[in-house]
Amino acid sequence: MEKINLLGSTIGELENLMLALGEPKYRGRQLFKWFYCLRQSDFKKMSDLPQRVQQKLAKGYIFIGLSVAKKSQSIDGTQKFLFTLHDGKYIETVLIPDKDKATVCVSSQIGCPLTCGFCATGQMGFMRNLTAGEIIGQLLYLRDLYGDNAFENIVFMGMGEPLLNHDNMIFSIRIISSEIGLSLSAKKITVSTIGIIPQIYKLADSGLKVNLAISLHAATDDKRLCLMPKIKAYPLRDLMEAAKYFARARKRRVTFEYILFDGFNDTIDDVKNLSNLIKGVPCKINLLAYNPIQGSPYRRPSEEKVNEFGKLLYPRVPAVTIRKSRGGDIEAACGQLAGKFVKYDKRSDK
Ligand code: SF4
């Protein structure tokens, strides 16, 4: 009989497992702590579990992480990991160092159903959602490799639209932020979405103190639809209401990601439209020059153009950060992976 892999199991699920095995519920918490906090997957070494429990577990269960098929490193220190999953599919995870801390960019789906024209993942088609275990597995691999300080921030900006895999994303965030899990504050986690409005409300109401980044990339519905053809159901006016709701619920600003495409969304009219659009939304804006992918009709603007756009925009909005792409030489730059280099902010709570 094939053993069941417990990777990604929540406290509740492990408690239920223990009850099903005829053991007290609290043993589930102990098991959870061994897996995620103490990083022990050998049941025999779980010293506070009686031998009887260890044996029951060993009979039908295992805890196995992801295996890496390929690792690449950029000249700027960014590392990309290609993981093989149990069904032979692949996902990517990117580790972006920045001075003494690092950010990990995790994938939430294999491919993506949203087919955004500028995005490499969008061109792959959609295969399936990742399980909570496959999301957590990306992080555990890095912790095993580099220790507890492998990363300080997590961004759901890798392959896929995380809000279309809402439940598994939430399960994984609960494991990450649990004190007996990965013990990383939810405040260090950013969920990036192209604007799946109902799920933004759901996330705001979840009680999880995560940050929200919305990929805007255009300030009018027409232009946005050119870039992201599948978001017709989520017009900008409603999206701004959802962003306000999230910011109020979390008492924290929302980040708007705005990739600049040469000649498409980088004019003075775009500056005006963008500043009008976000009026009244507690927010900051991240600007990023597009990293062209093969077959894309969009071009990268010059650094001067990006800086000019930032300078024109800043007086009209609360905060602007201009970011530079990282890991471009290893194709880790999905257009959203970024490191800071210029920041303008009228407030201090960044
Ligand atoms: S940009 Fe995001 S939502 Fe759009 S296709 Fe790429 S991964 Fe999917």
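How many nonpolar, polar and charged residues does the shell around the ligand have? In this predicted model, local features need pLDDT of at least 70, side-chain atom pairs count only at pLDDT 80 or more, and totals for chains, interfaces and linings use all residues. Residues are numbered from 1 along each chain as its sequence is written, and side-chain values use heavy atoms, without hydrogens and water.

The shell has 6 nonpolar, 3 polar and no charged residues. Ala, Val, Leu, Ile, Met, Phe, Trp, Tyr, Cys and Pro count as nonpolar, Asp, Glu, Lys and Arg as charged, and the others, Gly among them, as polar. Around the ligand (a heavy atom within 4 Å) are C112, L114, T115, C116, F118, C119, G122, G160 and I194.

The protein chain is divided into domain 1 (4-62) and domain 2 (67-345), with bounds from an automatic or database domain assignment. Their centres, taken over C-alpha atoms, are separated by 34 Å. In contact (heavy atoms within 4.5 Å) are 11 residues of domain 1 and 13 residues of domain 2.

The size of an interface is often given as the accessible area lost when the parts come together. Between domain 1 and domain 2 the buried area (accessible area, 1.4 Å probe, that two parts lose on being put together, summed over both) is about 1,000 Å², and carbon and sulfur atoms give 71% of it. On the domain 1 side, L7, Y36 and R39 lose the most area to domain 2, together 47% of what that side buries.
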